[in-house]
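Me: I would like to go through this structure with you. Let me ask about the terms as we go.

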Amino acid sequence: MPEQSNKKIQIGVIAAIVLGALGTGIGIYQSVKLGQLTNDLHKMNRTLSNMSATAATSVTFKNLAEFDTSVAASINKLVEQQQKDNISQKYAKFDAAAEQVGDGKHIYGDLNARFTLVEFSDIECPYCKRFHDTPKQLVDASKGNVNWQWKHMPLDFHNPAALKEAVAAECISEQKGNRGFWVFINDMFEQTQGNGAGVKDLAEVVTGVGADLRVFRECLATGKMDEKVQENIQQAKSLGINGTPATFVVDNKTGKSQLLGGAQPPEAIMAVMRKMMIESQPNDSTNQ
């Protein structure tokens, strides 16, 4: 009986509050029927009671510390899932990149494409950052006819940050493969302060692509990727490259190539490829 009385009191109080609120509103709300409102409140009360009973029987905590631990675990699980989803979304943007590419190359797009854009780049270079989306857009729109190859060219006046980032990218490639390399490069461009200032938290970028931070640091410590970066730098110098970005448009059918310096628009690159295609076609003139 006391419990029923309490429920009646609760319903009465809620009804009074609701009706009071309704009474202060515009005239149309004053026509609400008290009987219907009371029935709705009964249903609400039963639902809340059932929810409370379910919660009470499903989860119990001995003390506040146990409750805090449980909540912390739930939050950590949620954060971990969000991080996994975020990483998956990053990799999905580079699904045109093969997981592994031979000879340690970094290629985005169809490995058998007619044209390759071989870019010598510097993560700390603001012009490289501006240009970075252009090759990707061309590859994505080419239906397999164009791919994009990355070569390191950290400029002296952007070091030590640029050189360290190039080596870091190679360590990521070793651990996360070709696709992971491209995701890391993209994240670095998004987070670098540029012009040699580097990123605020390299470890955060590393874990942000799903890499193991301990393994990454071990790779850096060994210095085993330094030689590969230096090989790229020497190759660029032998080709007369002294600035970035520098992109060779290579016709894999004929072996011909043309160098484009700077952050070129997609139209300029397309024009070179079109010219190469025309030049590769047989002469249509007939003998007189």
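Me: Which residue stands opposite Val-146 in β3?

Reply: Phe-115 stands opposite Val-146. A word on the source: this is a predicted model, where local features need pLDDT of at least 70 and side-chain atom pairs count only at pLDDT 80 or more, while totals for chains, interfaces and linings use all residues. Residues are numbered from 1 along each chain as its sequence is written, and side-chain values use heavy atoms, with hydrogens and water left out.

Me: What makes β2 and β3 a pair?

Reply: Two strands (E runs in DSSP of at least two residues, numbered from the N terminus) pair if DSSP finds at least two bridges between them. Strand β2 (residues 115-121) and β3 have seven bridges, in the parallel sense. So they pair.

Me: How many bridges join β1 and β3?

Reply: Two bridges, in the antiparallel sense. Tyr-108 stands opposite Trp-148 there.

Me: Why is the link of Cys-171 and Cys-219 called a disulfide?

Reply: A disulfide is a pair of cysteine sulfur atoms within 2.5 Å. Here S to S is 2.1 Å, so Cys-171 and Cys-219 qualify. Cys-171 lies in helix α6 and Cys-219 in helix α8 (helices are DSSP runs of H or I, at least four residues). The pair therefore ties together parts 48 residues apart in sequence.

Me: What makes Cys-125 buried?

Reply: Buried means under 20% relative accessible area, exposed over 50%, partly exposed in between (1.4 Å probe, protein chains only). Cys-125 has 4% relative accessibility, so Cys-125 counts as buried.
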